[in-house]
Amino acid sequence: MNRNFVLFIFLLAISSPSFAQKKGVVIDELTKRPIPYVNIRISGTKTGINTDEKGLFEISGRSSDILLLSAVGFEDKKMAFKTVTDTIELVPVIYDLDEVTISSKGNTEQKIGRLNLQIAGYYRSGVTITAYYYPYKDKYKKTPYLKNIQFITNSHVKNAKFNIRLYNKAPDGSPGEMIYHKPIIGVARKGIHKMVVSLENLYLQFPSTGLFVAIEWLNFNENIYEEIDINGMRSEHIAPSFTAYRKDNKREEWFLTDRWRRSQLNKAKVQMKILLRE
């Protein structure tokens with residue numbers, strides 16, 4: 001009996017996944033400074049975590065897992081979970097900046113999209129980065145610059161932070177190259193509020209291939225809140241939530257796992273209004 005029990009424990013041990021927890025900091029290879037808001041995902045999954053404002057992270061996984069690291073302004077990095085040390089370095093990307101001619105600002109503006117509070121429910125992400133596509137139109141030549149992006153947020157925590165990534169369209173239709181290479185951080189106040197993320201002083205032009213606006217939910221402790229349903233079940237979510245268009249909205253939606261994938265689900269999509277200016 002004893003021998004059988006020992007054999008059972010041995011077989012259970014060798015068949016169980018080898019989970020471990022890793023802690024550390026992600027830094028810039030050149031400056032050695034911490035990098036905040038780095039997205040760290042386990043390959044083949046939809047979820048991930050982010051480094052905090054000090055570049056610190058804590059992640060659990062199997063020794064066989066592959067980690068994918070992504071941060072605005074840095075080269076993507078792929079590494080085995082078992083090789084993770086307490087310091088990870090990312091290589092900054094050096095970009096050739098296009099020449100920008102700045103003229104006096106006129107009063108002409110155009111808006112894309114709309115905001116509407118009269119809708120049941122809010123969009124909460126099941127993935128950490130979701131992108132929406134806006135095609136280019138000839139009328140945007142009159143107002144080529146991005147002025148701001150507007151949302152209606154519903155946050156259960158104080159000053160929930162999220163990141164906005166802006167992409168042009170790749171030849172295969174997915175989000176391509178970033179058109180701005182630094183984080184654009186939105187801060188959602190607790191409760192329901194309209195918020196405006198200003199882009200006016202960045203002089204970013206609407207790409208001729210079309211624009212992808214990606215929302216990156218930042219998965220770290222300050223943004224996490226817990227809900228209890230009517231059956232007493234607890235679940236964790238990442239703040240903030242956003243008002244959503246109804247399920248019949250036809251906008252392209254893409255999400256990032258090990259690569260960009262187009263959503264095939266007919267589901268509600270984040271409301272946003274984009275303002276263009278001369």
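Some housekeeping comes before the structure. Residues are numbered from 1 along each chain as its sequence is written, and side-chain values use heavy atoms, with hydrogens and water left out. Because the model is predicted, local features need pLDDT of at least 70 and side-chain atom pairs count only at pLDDT 80 or more, while totals for chains, interfaces and linings use all residues.

I start with strand E16, residues 211–217. Strands here are DSSP runs of E, at least two residues, numbered from the N terminus. How many residues of E16 are buried? The count is 7 of the 7, so E16 is largely enclosed by the rest of the structure. Buried means under 20% relative accessible area, exposed means over 50%, and partly exposed is in between, with a 1.4 Å probe and protein chains only. In a regular strand the side chains alternate between the two faces of the sheet. In E16, one side carries Leu211, Val213, Ile215 and Trp217, the other Phe212, Ala214 and Glu216, and all of them are buried.

Next, the neighbours of E16. Two strands pair if DSSP finds at least two bridges between them. E10 pairs with E16 in the antiparallel sense over 6 bridges, and Ala131 stands opposite Ala214. E12 and E16 also run antiparallel, joined by 6 bridges, with Ile164 and Ile215 as bridge partners.

Now the largest nonpolar core, which has 29 residues. A nonpolar core is a set of buried Ala, Val, Leu, Ile, Met, Phe, Trp, Tyr and Cys residues joined through side-chain atoms within 4.5 Å. Phe151 and Leu166 touch the most other members. E16 gives the most to this core, with 4 residues. A second, separate core has 17 residues, including Ile35, Ile40, Ile42 and Leu69.

Last, the rings. The structure holds 12 aromatic pairs. Rings of Phe, Tyr and Trp (its six-membered ring) pair if their centres lie within 6.5 Å; planes under 30 degrees apart count as stacked, over 60 as edge-to-face and the rest as tilted. Tyr136 and Phe206 have ring centres 6.1 Å apart and planes at 50°, so this pair is tilted. The two residues are 70 apart in the chain. Tyr136 is partly exposed at 27% relative accessibility, whereas Phe206 is buried at 5%. Ring pairs also link Phe151, Phe162, Trp217 and Phe242 into a cluster.
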